[in-house]
Amino acid sequence: MSENVDEAEKEAKFRALFERARQGVLKHVIDKGGSLSLEAMHDYSLNTYFIQHQRFSQLMESLVGEKLVDYDPATQVSTVTAAGRAFAGKNNS
């Protein structure tokens, strides 16, 4: 029973961190002008939230999937959308 509680607590803590990271990465992109390279976003998420490669992929998939960013694979640049600005709590341009 205690093992299940520990796992549930770990999962809840990770989910909270993941949501803070999603919001924080979006805020960072906005602060950098609204668009940022995938590499710069990855570096920021790693250095600030310790989100590494596989989890960063999940983070990006969630941002793109929820249309919080537009991602251009040709340039590897993400641009925060209006929905992303609202999610990040930064509605100013």
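Reply: Let's start with a term: contact means heavy atoms within 4.5 Å. This is a predicted model, where local features need pLDDT of at least 70, side-chain atom pairs count only at pLDDT 80 or more, and totals for chains, interfaces and linings use all residues. Residues are numbered from 1 along each chain as its sequence is written, and side-chain values use heavy atoms, with hydrogens and water left out.

Me: Which residues is V25 in contact with, leaving aside neighbours within four places in sequence?
Reply: Those are M41, Y44, S45 and Y49. V25 itself is found in helix α1; helices here are DSSP runs (H or I, at least four residues), numbered from the N terminus.

Me: Is V25 buried or exposed?
Reply: Buried means under 20% relative accessible area, exposed over 50%, partly exposed in between (1.4 Å probe, protein chains only). V25 has 1% relative accessibility, so it counts as buried.

Me: How do I describe two packed helices?
Reply: Give the angle between their axes and the distance between the axes. Axes are lines fitted to C-alpha atoms, for helices over the stretch in contact, and angles run from 0 to 180 degrees between N-to-C directions. Here α1 (residues 2-31) and α2 (residues 38-49) pack at about 130 degrees, their axes 10 Å apart. That makes α1 oblique to α2 (under 35 degrees is roughly parallel, over 145 roughly antiparallel, 65 to 115 roughly perpendicular, and the rest oblique).

Me: Which residues of α2 make the contact?
Reply: M41, Y44, S45 and Y49 do, meeting L17, R20, A21, G24, V25, H28 and V29 of α1.

Methods:
Helices (H or I, at least four residues) and strands (E, at least two) are DSSP runs, numbered from the N terminus.
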